[in-house]
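Me: I have a structure open and want to learn to read it. Can we go feature by feature?

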Amino acid sequence: MIRASPSVAASVLSGILTEPEAEIGRTLASNSALLLDGYVPIDWQLMPNVVIVEPTVAPTGPTESDLNAEAALWDRTTDADTVEAYRIYVARNPAGRFVNDAEAQIAAILAEPNRSARLAEEVLSLSRSARREIQTNLTLLNYNTRGVDGIFGSGSRGAILNWQQSNGFPQSSYLTRDQINLLDAQASRKQAELEAEQARASAQAEARDRSYWTETGGVGDEAGYRAYLARFPEGLFANIASARLSEIEDRRSSATEAQDRDAWLGAQDRDTVGGYQEYLAVYPSGVFAAEARARIDDLTAPSTTDAEIAQSRAEEDALRLSGVRAQLLELRLRDIGHDPGRLDGVIDDNTRNAIAAYQDSQGIAATGYVDRATAVGLMTGALNITIPRP
C-alpha cells in the first residue's frame, strides 16, 4: 500500500512505475515522501522485460455438453425401444456410455420376433379377472384355452394365435385393446345366439313334454304315470306323476302288508315246516320271511337228548381237558372260526358255545361237550398250532 500526496503520487505513477525492468522496490523505499505498508521487495520489478506465459492445456474427453446431448439421445432411444433407434444411437456414439446396453437390446429384440406386441399388451396392464374374461370369450368361440384361470399360459396363447389367424390379424399371440374389444363383441353375439337357441329348444321341449303328459299321465292311471316318468324323469309334471305313483304304491303296500301278516299268522298257528314253507313260497321277501326261515331251521335241527349230553360229558371227562390241552382246544376252535372267548385253558360258557357251534356244523349232536367224535375232528392238526405268548 503506497500513500502519498496527490502531486507526489502523480509523479511516481508517471515515472518509475512506467519504466520497464526498473527496480521500483528500491526507489519506493528510498523516497521519504511515500508511506509504504505491507511487503515491498527491494528488487521488485513491476514490468519485467520477459513475460513468461503458461501454455493453456486443452481439455480432453467429452465435454459436459456432449454428455448431456448423449444422455438425451439415449432417453429418446429407450422410449422408442426399436432396433433402428438403438442402431442410430450406436452410430452416433460408437464409444458412448450406453453402447453395450444398446447392443444387448438389439440382440433381445431380434431374438423375440413378437417383442413389440408383447410390450404393447403389457402396457394394457390386464388384471387377472380381465384375463379370465378373455379366456371365457375364447372358449365360447370354440378356441380352447385349456382352462379359465386368469393366467395366459401356452394354452391361452395358442387360442389367441388361432383367433388372430381366423380374424386376419398378425399372429403374435398377444392382444391389443382393439382386438380385445372385437373378441368381446364376437363372444357377446355368440352368447346371444346360444341363449336364443336355448330358448327355442326349451320351448320345443316344453311343448313335447306337455303333449306327452296329455297322452300318458293325464289319463290318470299307473301305467300312464310310469310311461311319463320313463320319458321325462325331470319333466314339468314329474313331481305330480311321482306323487300319484307313491299314493298308488302306498295303497298297494298297505294291502300287501295286510295279506302278508294274515299269511304269517296262519303259518304261526300251524307252526309246522310245511306251513312256513307255504308262507315263503308266496312271500319270499315278506316282512316275516327271516322269521319263517329261522323257525324252519329250528324245527328241522336235530334235537339233543339228555342221554347224549350225559354221554358226551363222560367222554370229555375221560379226555381230561385242562391246562395246555384245553388251551389247544380253544386255539383250534378259534382257528376254524368259532370264538371260544379268552384263550386261558379254562372251558367256560364261551368255550361250550363254540364247541356246540362246531358240532352243529359237522352234524354231530350239539351237546357242547367234547366227545370222541368231536375230539377227533377238532384236534386233528392241533399239534401244528403255535400258542401265542402273553
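Me: Which residues of H11 are buried?

Reply: This is a predicted model. In H11, the buried residues are Ala238, Ala241, Leu245, Ile248, Asp260, Trp264 and Ala267. An α-helix has 3.6 residues a turn, so residues three or four places apart point the same way.

Me: How many residues does H11 have, and what is its reach from first C-alpha to last?

Reply: H11 runs over residues 238–270, which is 33 residues. Its reach is 47 Å, close to the 48 Å expected at 1.5 Å a residue.

Me: Where is Asp81, and what is its phi?

Reply: Asp81 sits in the loop between H3 (64–80) and H4. Its phi is positive, about 55°, although Asp81 is not a glycine.

Me: And Ser173: what is its phi, and is it buried or exposed?

Reply: Ser173 is not a glycine either, yet its phi is positive at about 75°. Look for Ser173 in the loop between H8 (154–166) and H9. The cut-off for buried is under 20% relative accessible area. Ser173 has 13% relative accessibility, so it counts as buried.

Me: Now helix pairs. At what angle do H4 and H5 pack?

Reply: Read the angle and the distance together. H4 and H5 pack at about 155°, and their axes are 9 Å apart. An angle over 145 degrees counts as roughly antiparallel. So H4 is roughly antiparallel to H5. The crossing of H4 past H5 is left-handed.

Me: Which residues make the contact between H4 and H5?

Reply: From H4, take Val83, Tyr86, Arg87, Tyr89 and Val90. From H5, take Val99, Ala102, Glu103, Gln105, Ile106, Ile109 and Leu110. Sorted by class, the contact has 9 nonpolar, 1 polar and 2 charged residues.

Me: What lies in the loop between H4 and H5?

Reply: Gly96 is in that loop, with H4 (83–92) on one side and H5 (99–111) on the other. Gly96 has a relative accessible area of 17%, so it is buried. Leave out neighbours within four places in sequence, and Gly96 is in contact with Glu70 and Tyr89.

Me: How far apart are Gly96 and Ala294?

Reply: Keep sequence and space separate here. Gly96 and Ala294 are 198 residues apart in sequence. In space they are 106 Å apart, C-alpha to C-alpha.

Me: At what angle do H16 and H17 cross?

Reply: H16 covers residues 349–361 and H17 covers residues 372–379. Their axes come within 11 Å and cross at roughly 90°. H16 and H17 are therefore roughly perpendicular to each other. In the contact, Ile355, Tyr358 and Gln359 of H16 meet Thr374, Gly377 and Leu378 of H17. By class, that gives 3 nonpolar, 3 polar and no charged residues.

Me: One last residue. Is Glu316 buried or exposed, and what does it touch?

Reply: Glu316 belongs to H14, residues 306–319. Its relative accessible area is 6%, so Glu316 is buried. Not counting residues up to four places away in sequence, Glu316 touches Leu321, Ile347, Arg352, Gly368, Tyr369 and Val370.

Technical notes
Residues are numbered from 1 along each chain as its sequence is written. This is a predicted model: local features need pLDDT of at least 70, side-chain atom pairs count only at pLDDT 80 or more; totals for chains, interfaces and linings use all residues. Side-chain values use heavy atoms; hydrogens and water are left out. Helices (H or I, at least four residues) and strands (E, at least two) are DSSP runs, numbered from the N terminus. Buried means under 20% relative accessible area, exposed over 50%, partly exposed in between (1.4 Å probe, protein chains only). Contact means heavy atoms within 4.5 Å. Axes are lines fitted to C-alpha atoms, for helices over the stretch in contact, and angles run from 0 to 180 degrees between N-to-C directions. Angles under 35 degrees count as roughly parallel, over 145 as roughly antiparallel, 65 to 115 as roughly perpendicular and the rest as oblique. A crossing is left-handed if the near helix is turned anticlockwise from the far one by less than a right angle, and right-handed if clockwise. Ala, Val, Leu, Ile, Met, Phe, Trp, Tyr, Cys and Pro count as nonpolar, Asp, Glu, Lys and Arg as charged, and the others, Gly among them, as polar. The expected span of a helix is 1.5 Å times one less than its number of residues.
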